[in-house]
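The sequence and the structure are shown first.

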Amino acid sequence: MDSSGAKSFIEGEYRGHGHGAYPTISDFAYLETLTFSLSPKGFIVYSQATTNPETGAPMHQERGYLRLGESMEAEFVIAQPTGVAEISTGPAREGEGALLFDLHSTGLITSPTAKPVDAIRRRYRFTRQGLDYEMWMAIPGVELTVHLSASLSRQGS
Ligand code: HEM
């Protein structure tokens, strides 16, 4: 698969349940909608929104761009309303009918009032049916540890 085939494979809307955890907080559940759409210039526009599955109250959101060049090196550029600006990079590769990304933060800036975040790792597994992912983070005093994992279904397929 070349980069334009990969972009078409990724494009779509995904919905499902996620599980959150971290050593400093109580476990929690969330409902999530992720969309990856193609911009007129061929960049992937990323949009994420989550809600509390019991109350419907909004939880975390983020927006960004997934840049994928001919070399299949991915560069994820993400802004979070919690005051985090993230660049995570890593290779995209194919395996067993899936497209896999393993991205590590290479640039992470937090705004003056944001909670500090030292590192992020995101692993995505896209298939024709959906998307599974895990997100790890490190904060002061806590090494890279899973914060989120979700299994989402591709909509309209
Ligand atoms: C890359 C994305 C995310 C980052 C960088 C992030 C970062 C953090 C940080 C730094 C904390 C505080 C931990 C502490 O001080 O002990 C936290 C807590 C929390 N996160 Fe996330 N988070 C992300 C995504 C999410 C998502 C998607 C959800 C829910 C759907 C979520 C829900 C929570 C909750 C409920 C807490 C505990 C209460 C709180 O501190 O607000 N997070 N997160």
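Two strands are said to pair if DSSP finds at least two bridges between them. Helices (H or I, at least four residues) and strands (E, at least two) are DSSP runs, numbered from the N terminus. The model is a predicted one: local features need pLDDT of at least 70, side-chain atom pairs count only at pLDDT 80 or more, and totals for chains, interfaces and linings use all residues. Residues are numbered from 1 along each chain as its sequence is written.

**Overall fold**

The protein has one helix and 10 strands, and along the sequence these elements follow the pattern α-β-β-β-β-β-β-β-β-β-β. The 10 strands close into a barrel in the order 1-2-3-4-5-6-7-8-9-10, with antiparallel pairing. From one strand to the next the twist averages 25°, where axes are lines fitted to C-alpha atoms, for helices over the stretch in contact, and angles run from 0 to 180 degrees between N-to-C directions.

The C-alpha trace spans about 40 × 35 × 30 Å along its principal axes. The radius of gyration is taken over C-alpha atoms, and the globule rule is 2.2 Å times the number of residues to the power 0.38. The protein has a radius of gyration of 15 Å, which agrees with the value near 15 Å for a compact globule because the chain has 157 residues.

A residue is buried if 20 or more other C-beta atoms lie within 10 Å of its own, exposed if 12 or fewer, and partly exposed in between, with C-beta atoms placed from the backbone. Buried residues make up 21% of the 157 residues. Two residues are in contact if their C-beta atoms, placed from the backbone, lie within 7 Å. Among contacts between residues at least 6 apart in sequence, 38% join residues at least 24 apart.

| Pair | Bridges | A residue and its opposite number |
|---|---|---|
| Strand 4 and strand 5 | six bridges | Tyr-65 and Val-77 |
| Strand 5 and strand 6 | eight bridges | Val-77 and Ile-87 |
| Strand 7 and strand 8 | six bridges | Leu-99 and Phe-126 |

Val-77 stands opposite Ile-87 in strand 6, and Tyr-65 in turn stands opposite Val-77. Strand 8 and strand 9 are joined by a hairpin through three residues.

In a regular strand the side chains alternate between the two faces of the sheet. In strand 8 (residues 119–126), the covered face holds Ile-120, Arg-122, Tyr-124 and Phe-126, whereas the uncovered face holds Ala-119, Arg-121, Arg-123 and Arg-125.

**Turns and loops**

The hairpin of strand 4 and strand 5 has four residues between the strands. Met-72 lies in this loop and has a positive phi near 65°, in a residue other than glycine. Met-72 counts as partly exposed because it has 16 C-beta neighbours inside 10 Å. The hairpin of strand 5 and strand 6 has three residues between its strands, and Gly-83 in the turn has a positive phi of about 95°.

Glu-96, in the loop between strand 6 and strand 7, also has a positive phi, near 50°. Glu-96 is exposed because 7 other C-beta atoms lie within 10 Å.

Pro-23 lies in the loop between strand 1 and strand 2. Pro-23 is exposed, with 10 other C-beta atoms within 10 Å. Not counting residues up to four places away in sequence, Pro-23 touches Val-142 and Thr-145. Pro-23 and Met-72 are 49 residues apart in sequence and 34 Å apart in space, C-alpha to C-alpha.

**Ligand surroundings**

A residue is near a molecule or strand if its C-beta atom, placed from the backbone, lies within 6 Å of it. The ligand is surrounded by 19 residues, of which the closest are Thr-24, Tyr-30, Thr-50, Met-59 and His-60. At least two shell residues come from each of strand 1 (12–22), strand 2 (25–38), strand 4 (58–68), strand 9 (130–139) and strand 10 (142–154).

By class, the shell has 12 nonpolar, six polar and one charged residues. Here Ala, Val, Leu, Ile, Met, Phe, Trp, Tyr, Cys and Pro count as nonpolar, Asp, Glu, Lys and Arg as charged, and the others, Gly among them, as polar.
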